[in-house]
Amino acid sequence: MSRTTARRPSRRRASQAPAGQWWWGDFDIPLGQSGHWHIGPLDLWLTHLAGEWRIGHRLGEEPLANDVRLEIPLAGPVPDTDVIWQRFGFRSEPDRVTVRPALADRPVVVKPDMPLALPGGEALTLYMSSPVWIQLWHAEDAARPLLELPSWRLSDTWFGPSTRTGELCYGSRSRARLQLGEVEVLWARAITAVTIVNRRHDSRPLNAVKLPIPWLGLHVDNRGRFWTEVVEVEIPAEGGTEVRRTERPPAEAGDAFLIAEPRQAEDRGRLIRTFEALLA
Amino acid sequence: MPDIILNHLPAIATPERLLRLLQSVLILTTGFLLGRIGGRIAARLIRANLGDSVAQLARRGIFWLAGGLSILAALDNLGIDMRVLLGAAGVLTVALGFASQTSVSNIISGLFLMVERPFVVGDTIRIGDTQGEVLSIDLLSVKLRTFDNLFVRIPSEMMIKTPLTNLTHFPLRRLDLQIGVSYKEDVPAVRKALQTVAEHNPLCLEDPQPLFIFLGFGDSALNLQFSVWAKRENFLELRNTLQQEIKAEFDRQGIEIPFPQRTLHFAGPPEFPAADKA
C-alpha cells in the first residue's frame, strides 16, 4: 500500500486555535513566559527561562474528561503542587514549541462491553478508542520529541497464551462497541475500527481485541477528531488469521488527513505475527 | 669455556639437527596459530547460542588443545621418546585427580551450568538465603552481587545440588498480599475495595486478572489473599504503591485491619480484693 506523507502541524498561534479542538501545532512562548494546555485529563505547563525549558504535567482523576483549554501565554503563576516538573537545558533555548499528537507506544487491548461471539460466516465491525500521546518538539529537525506523555495513563496488561509468553500491552477501560455512535468522541482519543470476518463454520468468541496501535497512523478530520486506519481481520475457513490495514480511516472520518506516521515501520513478517495474536 | 662450546658446536649443530629444530619451531608456531584462529571461530559460532562463558571456554580449550598437540608433535620431531612423557603424565594425572576432586567436581558442575543455562549474567537469583544479581558464570563458581552490595562466590557444585530460584526468568511476577480484616467487615465489600485499588494502579496488570481468595477464619481476623500481577521490572514499585493505596482505601471506607485479639471468658463473677482503708 502507498504511504501518504504525514502533514506537519500548521503554524498557529493560540489566539487562532478554535477553542476546544486544536490543541496541537506550533506555539511561541517568549522568554519569561509560560503556557498551559489542558487536554482532557492532562494538564501541561511549559515555562521558558534563560537557557532552559521547564515542563510540568499533572493527570486528573477522570479518564474520559473532554474539555480542552489553552492559555498561552499563561496569565497567572504556574502551580507547584501535584505537578511533576522536568527541566531541559539548551545552548540557545528556542521560543517555539511544537505540540504533536501521536498514538500509544504499545498495543492496546480492548474488550467488548459484554462477551461477544462471531458466528461462522458472519462479519462485524468493532469501534474502539484509545488515548493519544502528546509530544513536545523543540526543533523541526529533531530526531525525537523532547518529551512524550500520554493524555491518560492506561493500565498495563498482558496479552498472550500464558504468563510465560505474550506481550505487554495497555488495557483500555473504554469498551469495544458495535456502533460508532456509542464510542466516546473525545478530543484526546483516537477511534479505531476493526472489521472481523469469520469464514469458518463455527463461532469465534471475541473476549478481547488487541489493537496494533504502533503499526497504525494517526489521522485527524476537520472537526479535530482523531482516527486511525481500519484494521481488517479475516479468519479463513482453513484456520489462521489474515490481517490487513487500510490506507485510510473509515468513511465516517470524512476527509481526515494523516498527522502522524506509524511508530513501527511496516515489517511484513513481524506485522503478521503480531496481528495473528489479535483476538482472544 | 666459550672456546669449548665453539669447538664442539659444529658436532652438535649439524645441518640435520638445525633443520629438525627449525621444523619443530614451525610446527609449534603453526599449531598455536591454528589454535588461536580455530578458537576465535568457534567462540563466534558458539556465543550466539550458548553465551559468552561457554564461548570463552571453547576458545581457550581449542587453543590449548592445538597448542598441546603441536608441542607433542614438535618434541616427537626432535626425536624425544614420547612414551616416557606420556607415562609420567599418566601418573601425574592420577595424583592430581585425587588431590583435586572438589575442583574437578566444580569444573564439571560449571560445564553443566553453562550448557543448561538456568540463568544468565544479569539475572537475579536466589539460592538458599542468598539473593543477588549474577555478575559472572565461571567454570568453578558463580559470582553474585547482593542487593546490599556484597560480593558472593558460590561454587558451581552447590549451584547444581541446591534448588535455585531465578527471579527474572519470566516477564511477569505475581504479588501475593496476605490481608486480615476484622470479623465485622463485609467480605464482598472488602473484595470490591481491593479490586478498585488494583484497577486504579496502572502498574497492576488488568490481565491476568487480580485474584481474590478467602483463606479462612483466623484467630483474630478474616484471612484474605489478594494477588496481582505486574511486569517484573515494576514488581517492587507495585508492592510499595499498592499496599499504601490499600491502606488508604481501607481507611477511607472504614475497613479495619485488626490487631491480634484474645477474648477472655470468666468462669464466675470476678472477685476483687477489698481496698485497704486509709
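This report walks through a helix pair, a chain interface and a few backbone details in a predicted model.

**Where the chains meet**

Let's start at the interface. Chain B brings 17 residues to the contact and chain A brings 13 residues. Together the two chains bury about 1300 Å², and carbon and sulfur atoms account for 55% of that area. On the chain B side, three residues stand out: Pro202(B), Glu206(B) and Asp207(B) supply 40% of the area that chain B buries against chain A, more than any other three residues.

Asp207(B) is also worth a look for its charge. Side chains of opposite charge can pair when their charged atoms come close. Across the interface of chain B and chain A there is one salt bridge by the rule used here, and the side chains of Asp207(B) and Lys111(A) meet in a salt bridge with an N to O distance of 2.9 Å.

Over all chains, a search of the whole structure gives 25 salt bridges. The table sets the pair between chains beside another of them.

| Salt bridge | N to O distance |
|---|---|
| Lys111(A) and Asp207(B) | 2.9 Å |
| Asp221(A) and Arg225(A) | 3.5 Å |

**Backbone details in the loops**

Most residues other than glycine have a negative phi, and most peptide bonds are trans. Here are some exceptions to look up in your viewer. Pro208(B) lies in the loop between helix 6 and strand 7 of chain B.

In chain A, a cis peptide bond links Ile72(A) to Pro73(A), and its omega is about 0°. Pro73(A) belongs to the loop between strand 5 (68–71) and strand 6 (84–89) of chain A. The loop between strand 5 and strand 6 of chain A also holds Asp82(A), a residue other than glycine with a positive phi, near 55°.

**Two helices of chain B**

How do helix 6 and helix 7 of chain B pack? Helix 6 (residues 187–200) of chain B and helix 7 (residues 235–253) of chain B meet at an angle of about 135°, and their axes are 10 Å apart. That angle makes helix 6 of chain B oblique to helix 7 of chain B. The crossing of the two is right-handed.

Helix 6 of chain B makes the contact with Val190(B), Ala193(B), Leu194(B), Val197(B) and Ala198(B), and helix 7 of chain B answers with Leu242(B), Glu245(B), Ile246(B), Glu249(B), Phe250(B) and Gln253(B). By kind, the residues of this contact are eight nonpolar, one polar and two charged.

Technical notes:
Residues are numbered from 1 along each chain as its sequence is written. Chains are lettered from A and ligands numbered from 1 in the order in which they are written. This is a predicted model: local features need pLDDT of at least 70, side-chain atom pairs count only at pLDDT 80 or more; totals for chains, interfaces and linings use all residues. Side-chain values use heavy atoms; hydrogens and water are left out. Axes are lines fitted to C-alpha atoms, for helices over the stretch in contact, and angles run from 0 to 180 degrees between N-to-C directions. Helices (H or I, at least four residues) and strands (E, at least two) are DSSP runs, numbered from the N terminus. Angles under 35 degrees count as roughly parallel, over 145 as roughly antiparallel, 65 to 115 as roughly perpendicular and the rest as oblique. A crossing is left-handed if the near helix is turned anticlockwise from the far one by less than a right angle, and right-handed if clockwise. Contact means heavy atoms within 4.5 Å. Ala, Val, Leu, Ile, Met, Phe, Trp, Tyr, Cys and Pro count as nonpolar, Asp, Glu, Lys and Arg as charged, and the others, Gly among them, as polar. Buried area is the accessible area (1.4 Å probe) that two parts lose on being put together, summed over both. A salt bridge is a side-chain nitrogen of Lys or Arg within 4 Å of a carboxyl oxygen of Asp or Glu.
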